[in-house]
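Have a look at the sequence and the fold below before reading on.

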Amino acid sequence: MKKVINTADAPAPIGPYNQAIVADKFIFVSGQIPLHPFTGELVTDDITIATNLVMENIGAILNEAKAHFNDIVKTTIFLTDLADFAEVNEVYGTYFTDKHPARETVQVSALPKGVSVEISVIAVKS
C-alpha cells in the first residue's frame, strides 16, 4: 500500500513529485532544499541557516507522516561545495539524539533553484 504525504508546513513540490511516500512501514522523503514553506524565500547565503531550514522542512514532513528524526534510517546529503561539509554536519547532527542513520554526502555541480544543499531521507515507522 502506498500513501502520499504532503503538508503545508513544508515547501510544496516544485515538480511532478510529492513531499513523501509511505510504503508499508517505510517513509521516503523527497529531497528538501532551503525553501521557506510560508514565504517561498530561498536561503542561499548562509549554509548553517540553509541546512537548518532543510532539516526543519524534513521534520514537518516526518511529522505529517507520524514519524520523527530518530525513525530515519538513511540520508543523502547533496552539496554544491564539499567545503561546506563541516558546517552542514554540525547542524545535521543536532537533529538526532540516538542511533544516527546511515548516510552519504556527495558534491554535485548544481541543485534546484541554485541552492547549495539538498537532503533526502528514508525513515521506518516505529
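## Ground rules

This is a predicted model, so to speak of local features takes a pLDDT of at least 70, side-chain atom pairs count only at pLDDT 80 or more, and totals for chains, interfaces and linings use all residues. Residues are numbered from 1 along each chain as its sequence is written, and side-chain values use heavy atoms, with hydrogens and water left out.

## Two helices crossing

Start with helix 1 (residues 47-64) and helix 2 (residues 85-93): their axes come within 9 Å and cross at roughly 35 degrees. Helices here are DSSP runs of H or I with at least four residues, strands are E runs of at least two, and both are numbered from the N terminus. Axes are lines fitted to C-alpha atoms, for helices over the stretch in contact, with angles running from 0 to 180 degrees between N-to-C directions.

Ile47, Thr48, Thr51, Asn52 and Met55 of helix 1 meet Glu87, Val88, Val91 and Tyr92 of helix 2; contact means heavy atoms within 4.5 Å.

## Two sides of helix 2

Val88, Val91 and Tyr92 are buried in helix 2, where buried means under 20% relative accessible area and exposed over 50%, with partly exposed in between (1.4 Å probe, protein chains only). These residues sit on the same side of helix 2 because they cover an arc of only 100 degrees around the axis, taken from the directions from the helix axis to the C-beta atoms. On the other side, Ala86 and Glu90 of helix 2 are exposed.

## A strand residue

Val121 lies in strand 6 (residues 117-124) and, at 5% relative accessibility, counts as buried.
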